[in-house]
Amino acid sequence: QSEFVYERVLDSASRQIISVLRHSSEAHATSLAQLATQLQALRKRLDGAGELLNDLKDQDLEEYLFTYRLDAATSLRHERHVTSGGSVHSVALTLSYVPQSFSGLDDIAALMEYLHTQRKVIFEAGPGLGKTMAMRQVFIRALSGRSAETHIPIYIDFHDQDSFPKLEHVPEATNRWLPPGPPAWVDRIIRDGRGLVLLDNIEDILGTSELLVRNQADFDTFISDVATDAPVLIAIRQGTLSSEWAAQHDFRVIELQPPGAAEALEQISLWHKAIASQCEIESEALRVLSRGQELYDAVCLMSDLLSLSLNPLICSTMCASFLDSSLRLPEDWISLVDDTFARLADRDCRASDPVLCDTARIRDIQETVAGWAVRNDGPFDRQHVSDGLRDLVAGWDLRTDIRNVTERILSRTSLLSLGPAGVSFALDVMRDHLAARDLVARGNINYLVEEARRLSKPRLAVAAAGRAHAGRDL
């Protein structure tokens, strides 16, 4: 028994030391000191090997949590390809998506204080307004222990999931970058009152009538079970969970608001600084900052680019598109918008979803709905979206009702948002640019000429003319 325990302790210590040394020893001096104290205590207890053997189960969990705190924030990174040289930069999320004030509260620290007070909180917003990044900021801050109370954050991302995983398989089932932990470690942490449960992209498992039937009961049971012992933060799109559901389960709802112009410009500046900070070659870092300044100046001058920047997801996508290209502004702004929307379509692809399985199909959906929307003014609902898509999807052999197609688009793409007033585009400027592409492709020149004369939709006419310039006279 003593020999087994001795080997087990050495193995545990060596793995913890390796985890620490893979990071900055200065940054983790506290962890090293704690480990030294831990090992000293274990040495003194080796004479009572039987008692220590009984403690190894708990030691397994503490050892895993030790490495989990060090590894999880490093693993949860934003990777992006940089075309010059073909390299890949990993940018820490604490740097790559800013500012942190989209929660409607002063900052993430204030949000965490509110969470620990209320214990059940819902982030609600349209697509691209920063729900996931706010969640990940909470995750990283909780990992570092910089919060009102020290909790072990358990981040469960349901992106591209179609069922609710069992608790014992969380979070490895939804965060494959994490190493597997001891048996039932999530449940043990929650029951000990040390867990902080973060649920993201809930709309992927509850966003359609079909998914609600399949997953609602499991989700409600999970919430009732977990929220008894742990604070819970949920990020959802508007319309996914009803106000009645929130009231029934005693959740407080925070509606995330879009940033203003000053915040959008700040995001552009800090996004490029984050990328530059990860460049190993000084000339590459200077190039990144120079491109960032060029984009910043163009956004200040061009209302369409500024309007697009008011959605944080579109803004960061536009930053990446411009950085990875040789485009010049303002002359190439239409090409920049086109590539930004193409990247959003690629982001929305889900191989397992028959409706959203490839980029070309998503682009067709985007442009068809936008073209229909500008020809049919006024607020519209789910049925209107279905009407606009009916002809397009007729030849896709989806073997599902058009209503299910509409629900999947509303819950799983960056295009449309479902709010109290009905269905709307994430941004009106997004609708007009996508519609211009659709109308030019269909040859609806008379409609565009009439709109240009009336100037009721000036963005539409300008965007259409810009797209048609290379291929035809308009």
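Asp387 is partly exposed, at 37% relative accessibility. In this predicted model, its side chain forms a salt bridge with Arg390, with the closest N and O atoms 3.2 Å apart. Arg390 is partly exposed as well, with a relative accessible area of 38%. Asp387 and Arg390 both belong to helix α17 (residues 382-393), where a spacing of three residues separates them by about one helical turn. An α-helix has 3.6 residues a turn, so residues three or four places apart point the same way.

A search of the whole structure finds 18 salt bridges. Side chains of opposite charge can pair when their charged atoms come close. In helix α19 (residues 428-442), Arg431 and Asp428 are three residues apart, or about one helical turn. Their side chains meet in a salt bridge with an N to O distance of 3.7 Å. Asp428 is partly exposed, with a relative accessible area of 44%.

Helix α7 (residues 185-191) holds Arg191 and Asp187, which are four residues apart and again separated by about one helical turn. The closest N and O atoms of their salt bridge are 3.0 Å apart. Arg191 counts as partly exposed at 32% relative accessibility, and Asp187 counts as partly exposed at 28%. This pair also belongs to a network of salt bridges that links Asp187, Arg191, Asp225 and Asp229.

Aromatic rings give another set of pairs. How many aromatic pairs are there? The count comes to four. One of them joins Phe139 and Tyr155, with 5.6 Å centre to centre and 45° between the planes, which makes the pair tilted. Phe139 lies in helix α6 (residues 131-144) and Tyr155 in strand β4 (residues 152-157), so the pair ties together parts that are 16 residues apart in sequence. Phe139 and Tyr155 are both buried. Elsewhere, Phe219, Trp245 and Phe251 form one aromatic cluster. A ring also takes part in a contact with a charged side chain: Arg291 lies over the face of Phe322, at 3.8 Å from the ring centre.

The cysteines come next. A disulfide is a covalent bond between the sulfur atoms of two cysteines. The structure holds zero disulfides. Cys319 is in no disulfide, and the nearest cysteine sulfur, that of Cys315, is 4.5 Å away. For a disulfide the two sulfur atoms would have to lie within 2.5 Å. Cys319 is buried, with a relative accessible area of 1%. Cys279 also counts as buried, at 12% relative accessibility.

Is a loop residue such as Asn201 buried or exposed? Asn201 is found in the loop between β5 (195-200) and α8 (203-206). At 14% relative accessibility, Asn201 counts as buried, because the limit for that class is under 20%. Leaving aside residues up to four places away in sequence, Asn201 touches Thr132, Asp157, Phe158, His159 and Ala235.

The totals for the chain complete the picture. The protein chain has 21 helices and nine strands. Of its 474 residues, 52% are buried. Among contacts in the protein chain with a separation of 6 or more, 71% are between residues 24 or more positions apart.

Conventions. Residues are numbered from 1 along each chain as its sequence is written. This is a predicted model: local features need pLDDT of at least 70, side-chain atom pairs count only at pLDDT 80 or more; totals for chains, interfaces and linings use all residues. Side-chain values use heavy atoms; hydrogens and water are left out. Rings of Phe, Tyr and Trp (its six-membered ring) pair if their centres lie within 6.5 Å; planes under 30 degrees apart count as stacked, over 60 as edge-to-face and the rest as tilted. Helices (H or I, at least four residues) and strands (E, at least two) are DSSP runs, numbered from the N terminus. Buried means under 20% relative accessible area, exposed over 50%, partly exposed in between (1.4 Å probe, protein chains only). A charge sits over a ring if NZ of Lys or CZ of Arg is within 6 Å of the ring centre and within 35 degrees of the ring normal. A salt bridge is a side-chain nitrogen of Lys or Arg within 4 Å of a carboxyl oxygen of Asp or Glu. Contact means heavy atoms within 4.5 Å.
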